[in-house]
Amino acid sequence: MREKELEKLKEYKYGFSTDIESIKAPKGLNEKVIKFISNIKKEPKWLLEWRLKAYERLKVLKEPDWQKPKYPKINYQDLYYYSAPKSFKEKPKSLEDLDPKLLETYKKLGIPLQEQKRLNNIAVDAVFDSVSVATTFKEKLTEKGIIFCSIGEAVQKHPNLVKKYLGSVIPINDHYFATLNSAVFTDGSFVYIPEGVKCPMELSTYFRINASDTGQFERTLIIADKGSYVSYLEGCTAPMRDENQLHAANVELIALDDAEIKYSTVQNWYPGDKDGKGGIYNFVTKRGLCKGKNSKISWTQVETGSAITWKYPSCILKGDNSSGEFYSIAITNNYQKADTGTKMIHLGKNTKSKIISKGISAGFADNTYRGLVDINRNADNSRNYTQCDSLLIGNKCGAHTIPYIKNKNSLTNLEHEATTSKISDEQLFYCNQRGLNQEEAVSLIVNGFCKEVLQQLPMEFAVEAQKLVGISLEGSVG
Amino acid sequence: MTNQIKNDFDKIVKKLKLPKKNINLRKKNLDKFINLGFPNRREEDWKFSDLNKIISSNIKDLKYFNKELFNEKKKSIIPKDVLPHKLFEHNKIVITNGIVDIIDFKYEDLKKIDIINTAENQSSNTKQSLIYLNSAFNTNYLKIVIKKNYSLNKSVIIYNFTDEKINSTNINQRLDIILEENSRLNLINFFTDYSSNNFININHEFKVEKDSILKNYIIDSKENSNIKYFNNNIDLNQNSLVENFILSTGSKFIKNEIICNLKEKYSSAFISGIINLKSNQQHEIKTNVNHLTENTKSYQLIKSILNENSKGVYQGKIFVDSKAQKTNGYQLSKAILLTENAEFDAKPELEIYADDVKCSHGSTSGCLDENSIFYLMSRGIKRKDAEKLLINGFIMDAVEKITDLEIKKLIKEIMGIIE
């Protein structure tokens, strides 16, 4: 038995679960649960009303079904919408008060929360199930006026900022999963970079789903005020469980005049076992608004985990001269499915967007790029370049490209290209000849294929991601 | 609507004097259509052109039966102004208001061609509401079989007329063509509409057997206010080839749909097309190339020029089955928007389940290159002429894909391209 478990862990090293007592909201989705969440987080009245409004709308909304990966119907009444370690009833004031088991968990995951032990310069906000566990380097950031905390804390301490921007990019009347999140969101990160400040370190959130039958609904809100810059990283893992778990997060980015936000994700949720059993449903809504002139938002994502990944990090290019970028690697193996891409909505003049997407499909997996480029009537001189390449390993998998291109302006330039290919025998032979075994060779070639995107990641993440690319494809050849 | 459509259905059935079996077949199709209705934007294939809305905003009280359709007196001769161009010798089929008038294969050995021309139609395999509508209401079923080892000496031109007395009417046409082993056919579909505000729904189904070649050209160049849907379903067997060309400039709205099923190895499909629009026109080309087995090839090239308030749409799909190794698929769409209010939407799609394939697509849209205009102007060419030259050059790419020289010349004449 133990051996079997060990064998399993080898496949997905973050697959352990932490045995920790937790407080949960009653199962199910109803007004009571929403009030429970709001109450336990001591939220002001306006936020509760906001949640309830979203819930009202949710009742009449239908789950979308146009996506490529189909999944069995989710029973929303059979989920826990809130789960927190018991020791969190009163939020611990410092790391010393934290449950040692939690610290242990994060150590195992390679996310040290003790600042003094950290060598690299990254501030971390760790989210465990429904609550933020700890945020590091707070003082150093406060000096510069940067606010980096959990969204629950931000609601208490900076209600004006939250009230102003929450839901301004993803309104409560958006699609099904976004609205669901608006109704029941629990925790997530809040970042505010004041005018003219360049954030001195990478900000990072680490998401962990631990409890079973729990959905994680975090909400992240990042605001970059005039002339500021921030680079934000996000990482995710979950234990191995036989049932599918839902993760429906909302991420909102707002860049004002001359501001720049760089958002990087390395998503490594539990992908399910070899036969496609279990795994996370990653249905995330990510949207950035380039509100001000000359603003810039850049999404970089490495998607290797999850049973189903279904997300489209988007940019609304509202300010003149603003630009949006999207770099993506989506790797699917075994029975994993991904339907991911981006939306670039050009509203302002001289707006620019660039999309580079690399999809890799192996085993029985299905990988879809779906993207929208929409040039509005007033978006004079705008420019888009899209490139999506797919790589197939084996003939049981699929790779699909579904771009939607809408152009309503005669002064724009739109380009789109896509290719689909496989790793050629010549390439493999060349590597084998130089002493690399089959798996190393594939890993090397795939890394080369993804290089354009990997380059965009911050240093620390790039190394991690490169390893991940190799691991995800293990056992897919030969 | 339901009552009217049922009444009109009864009238058509009565008029056509159909046997019971055929009436039942039509009834089944009618029920399916009533159930589904006209496609709207909620359907993925009609995302960019909402037919339901287009019909309801352009046609008042759409009729499904019009006694003018059956006006025997007006057996037509081809009006002289239809083709102001000197035409090469050809076989002809004249279809007036959806009913076959003339079939003239005077250059051919008639023993080698079977023609069935009847009111009793066959059902179609395509499951789509407009095809159901067609199968329920079409007034004429035409089937042509080209026998084994026969190549037609001359091209076949199908003249599609509608006369000015027809309006607000739904006209349905159906044509089935079978090319038996090692045969050859050049087919030109000519649309000339004198009618206005009709919804014309055409379904052509082809079966191209081993070693056969089909060239299928669609020309819709006369300006008119009709709304058209033209479906081409082409099944290809071993080592067969189909060449499609679409010239889409005339109607108010037209959606040309081409479905190529590459069913056996070494078959290939070529599709090229030009959309050239002005005022409020809205045209769409939708292609669906299904690579179902290994060693098949496809190529698509669509060029669009959009003027004034027009809208062009290209939806292309390459599907590669997991069996279809060694597939070669290519797709390119380019559009030029000449005015502020023009719009171009594209959805070039790849759906691939096999790994040893070479598939790529490209799509661009933008304005005329200012540098090129400057180059020409600096050589003494007026801006207007320079633009025209560049546009001609842009379109020529697609015209040059036509392999039949006579037809290529004809299309150039129609488009006013002088070399």
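What follows is a set of questions and answers on this predicted model.

Student: How many helices and strands are there in chain A?

Tutor: Chain A has 478 residues, of which 53% count as buried. Among its contacts between residues at least 6 apart in sequence, 83% join residues at least 24 apart. The count for chain A is 11 helices and 24 strands.

Student: How many of the residues of strand β14 of chain A are buried?

Tutor: Strand β14(A) covers residues 296-303, and in a regular strand the side chains alternate between the two faces of the sheet. On one side of β14(A) are K296(A), S298(A), T300(A) and V302(A), on the other are I297(A), W299(A), Q301(A) and E303(A), and all of these are buried, which leaves both faces covered. The strand is therefore largely enclosed by the rest of the structure, the number of its buried residues being eight of the eight.

Student: In which sense, parallel or antiparallel, does β14(A) pair with β17 of chain A, and which residue of β17(A) stands opposite T300(A)?

Tutor: Strand β12(A), residues 260-267, is joined to β14(A) by eight bridges and runs parallel to it, with E260(A) standing opposite K296(A) of β14(A). Strand β17(A), residues 323-332, also pairs with β14(A) over eight bridges, and the sense of that pairing is parallel. In β17(A), the residue opposite T300(A) is Y327(A).

Student: Are helices α9 and α10 of chain A perpendicular or oblique to each other?

Tutor: Two packed helices are described by the angle between their axes and the distance between the axes. For α9(A), residues 425-433, and α10(A), residues 438-454, the angle is about 120 degrees and the axes are 9 Å apart. Because of that angle, α9(A) is to be described, relative to α10(A), as oblique.

Student: How many nonpolar residues does the contact of α9(A) with α10(A) contain?

Tutor: The two helices pass each other in a right-handed crossing, and from α9(A) the contact takes Q427(A), L428(A), C431(A) and N432(A), while α10(A) gives A441(A), L444(A) and I445(A). Divided by class, these residues include two polar and no charged ones, and the number of nonpolar residues is five.

Student: Is the crossing of helices α2 and α4 of chain B left-handed or right-handed, and how many charged residues are in their contact?

Tutor: The axes of α2(B), residues 20-36, and α4(B), residues 129-137, come within 8 Å and cross at roughly 145 degrees, and the crossing is left-handed. Helix α2(B) brings R26(B), N29(B), L30(B), K32(B), F33(B) and L36(B) to the contact, and α4(B) brings S129(B), Y132(B), L133(B), S135(B) and A136(B). By class there are six nonpolar and three polar residues in this contact, and the number of charged residues is two.

Student: Which element gives the largest share of the side of chain B that touches chain A?

Tutor: In the contact between the chains, 33 residues of chain B meet 30 residues of chain A. On the side of chain B, the elements that give two or more residues are β18(B), residues 343-352, and β19(B), residues 358-366. By class, that side has 13 nonpolar, 10 polar and 10 charged residues. The largest share, 10 residues, comes from β18(B).

Student: Which residue of β18(B) is the bridge partner of I405(A)?

Tutor: Strand β23(A), residues 398-407, is joined to β18(B) by six bridges, and the two strands run antiparallel. Within that pairing, the partner of I405(A) in β18(B) is A346(B).

Student: Is N97(B) buried or exposed?

Tutor: N97(B) sits in the loop between β1(B) and β2(B), and its phi is near 50 degrees, a positive value in a residue other than glycine. Within 10 Å there are 26 other C-beta atoms, and since 20 or more are needed, N97(B) counts as buried.

Student: How many other C-beta atoms lie within 10 Å of N239(B)?

Tutor: N239(B) also has a positive phi, near 60 degrees, in a residue other than glycine, and N239(B) lies in the loop between β10(B) and β11(B). This residue is partly exposed, and the number of other C-beta atoms within 10 Å is 17.

Terms used:
Residues numbered from 1 in each chain as written. Chains lettered and ligands numbered in written order. Predicted model: local features only at pLDDT ≥ 70, side-chain atom pairs only at ≥ 80, totals over all residues. Axes fitted to C-alpha atoms, helices over the stretch in contact; angles between N-to-C directions. Helix = DSSP H or I, 4+ residues; strand = E, 2+ residues; numbered from the N terminus. Parallel < 35°, antiparallel > 145°, perpendicular 65-115°, else oblique. Left-handed = near helix turned anticlockwise from the far one by under 90°. Contact = placed C-beta atoms within 7 Å. Nonpolar A, V, L, I, M, F, W, Y, C, P; charged D, E, K, R; others polar. Pairing = 2+ DSSP bridges. Buried ≥ 20, exposed ≤ 12 C-beta atoms within 10 Å, placed from the backbone.
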